[in-house]
Amino acid sequence: MNTPANGRAAVIVLTYLGFALQMVQVGLLPLLPAIGRQLHATAAGTSWILTSGLLSGAVFLAVLTRLADLIGKKPVILLAMALVLAGCVITSFANTLPLVLVGRVLIGAQLPMLALPEAIASDTLPPARAHTAISAIHVGTGLGIAGGLLLGAVIGIHPANWHLFFVACAIAALIGLVATTVFVRDSPARAGGGLDVPGAVLLTLSLVTLLLGLSQGPSWGWSSAPVLGLLIGGLALGALWWWRERTADTPLIDVSYLLRPEVGLPYLMTFLIAFGIYGSLSAVTRLAQTPVASGFGYGWSSLTAGWFALPQAVGSVLGIVVLRTARPRGLVLTSAIGFTSITLGFLAFALGHAIPVVELIALGFDSMGLAVALAATQLLVLRAVPAAESGIALGLSVVMYAVGNSVGSAVAGVFFASLTTPAGQPALSSYLVGFAVCGLCSLAALAACIPLARRRSAVTHLEGATA
């Protein structure tokens, strides 16, 4: 079967999807307090606006990425975009918390979109062009983070107009839906068998319970019975899912791949760098908006904090330059360059926390490193699995991303709650310890490149001897 060639227009559309859906996700963060006040919601109710999308995203991720391998990636992308569009439309008119939560549950369909555009690019383009397209998609996601920060900051000037954010997101989703329909061709690769329903249910329940425990730990208490039960239950369900996949006739994914260093190590790298995303963006923004009277904050308004969108955007664009330059020398080296850039960013966050310009530059290094590292690790996974399983393989990469992000957020929450000023606000030490921990995670990801490089060198040597 001949692979339909996607052209430049398709690559632009796939890159746009990364931009639009990340903007939908990130732009909500600075608006959450305003939305909660306008809806007269409690702090717990407001937190569920974010949590509901995270949990539904886990459900969509477990089902849609495998479904994409079975029936085609383009129809599943269109389905996900339609759900996001419906959620944005509902939320743009919502005036009650339950209706907002309904919209957010539908918007959760954006989570699989962190995998499917890359998968369809990998399946429908020659290797060199596919690598360039996947790099561009990751630049698009970085620009989406910057666009979301800026959009949320601008709309936050008049918090009562928070509905406008979802109107803008609905327009962005509609553009993506139409453009995908017109310009993107589907991958011909199809996985055999059917949807492993018990496996999908177990993976969904594992993700939902684990992410719920992580997201509610700060408010319910980490030592509380519900949180401990959710965390332990999530791990137990994950173990059951693993057993199911080892014994199923048609599993969601052949988990033997996960035991191979070529796949398992890139997943570990993704988890480690996702751990630090909260520290590199949310914590830095929060530090900037801390009053000057604290002795370490900048006293910036939410609009002024929108300046952080600039280095985020510039770093993401520079990422594609680094990818193009380093990729011919190997994906492991490219990953290492990304992790080094992230580590330098966290070092600058910690040492230059008193100087706004240094923090802005540090965010540029961090965002560039993220664009490079996330693209390189996903390319490493794609190189190690069959095309027919690229959707679920990248879906599991997104699982590592989501869990890593949630664990990082939870750990940062512990630092903010335990290292406080006499007034009860997060102390400077909470930020510095957070930067240090995130930097150590990026160093650990860098260290994981060593066994990958050795294995790749051994394979190359063997291939040369065989030839």
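Which residue forms a salt bridge with Asp196? The partner is Arg244, and the closest N and O atoms of the two residues are 2.8 Å apart. A salt bridge here is a side-chain nitrogen of Lys or Arg within 4 Å of a carboxyl oxygen of Asp or Glu. The pair links distant parts of the chain, since Arg244 belongs to helix α10 (residues 225–247) and Asp196 to the loop between α8 (163–183) and α9 (197–220), 48 residues apart.

The model is predicted: local features need pLDDT of at least 70, side-chain atom pairs count only at pLDDT 80 or more, and totals for chains, interfaces and linings use all residues. Residues are numbered from 1 along each chain as its sequence is written, and side-chain values use heavy atoms, with hydrogens and water left out.

**Salt bridges**

The structure holds five salt bridges. Among them are the three in the table.

| Pair | N to O distance |
|---|---|
| Asp69 and Lys73 | 3.4 Å |
| Asp123 and Lys73 | 2.9 Å |
| Arg244 and Asp196 | 2.8 Å |

Asp69, Lys73 and Asp123 are linked in a network of salt bridges. Burial is judged by relative accessible area: buried means under 20%, exposed over 50%, and partly exposed in between (1.4 Å probe, protein chains only). Asp69 is buried at 0%, Lys73 is buried at 1%, and Asp123 is buried at 10%. Asp123 lies in helix α6 (residues 116–124) and Lys73 in helix α4 (residues 73–93), so this pair ties together parts that are 50 residues apart in sequence.

Helices (H or I, at least four residues) are DSSP runs numbered from the N terminus. Helix α3 covers residues 43–71, and its 29 residues should span 42 Å at 1.5 Å a residue; the end C-alpha atoms are 42 Å apart, which agrees. The expected span is 1.5 Å times one less than the number of residues. A kink of about 35° in α3 is centred on Ile49, where the bend is the angle between axes fitted to the seven residues ending there and the seven starting there.

Most residues other than glycine have a negative phi. His40, in the loop between α2 (32–38) and α3, has a positive phi of about 55° although it is not a glycine. His40 is exposed, with a relative accessible area of 72%. Just after α3, Gly72 takes a positive phi of about 120°.

**Aromatic pairs and a nonpolar patch**

A search of the whole structure finds nine aromatic pairs. Rings of Phe, Tyr and Trp (its six-membered ring) pair if their centres lie within 6.5 Å; planes under 30 degrees apart count as stacked, over 60 as edge-to-face and the rest as tilted. Phe346 and Phe349 form an edge-to-face pair, 5.6 Å centre to centre with 70° between the planes. Both lie in helix α15, three residues apart, about one turn of the helix. Phe346 is buried at 3%, and Phe349 is buried at 0%. Ring pairs also link Trp162, Phe165 and Phe166 into a cluster.

A nonpolar surface patch of about 690 Å² includes Leu344, Leu347 and Phe365. Helices α15 (331–351) and α16 (356–384) each give two or more residues to the patch. Patch residues have over 30% relative accessible area and no salt bridge; like charges are joined within 9 Å and nonpolar side chains (Val, Leu, Ile, Met, Phe, Trp, Tyr) within 5 Å. Accessible areas come from the Shrake-Rupley method with a 1.4 Å probe; for residues, only the protein chains shown count as cover. Phe365 lies in helix α16 and is partly exposed at 38%.
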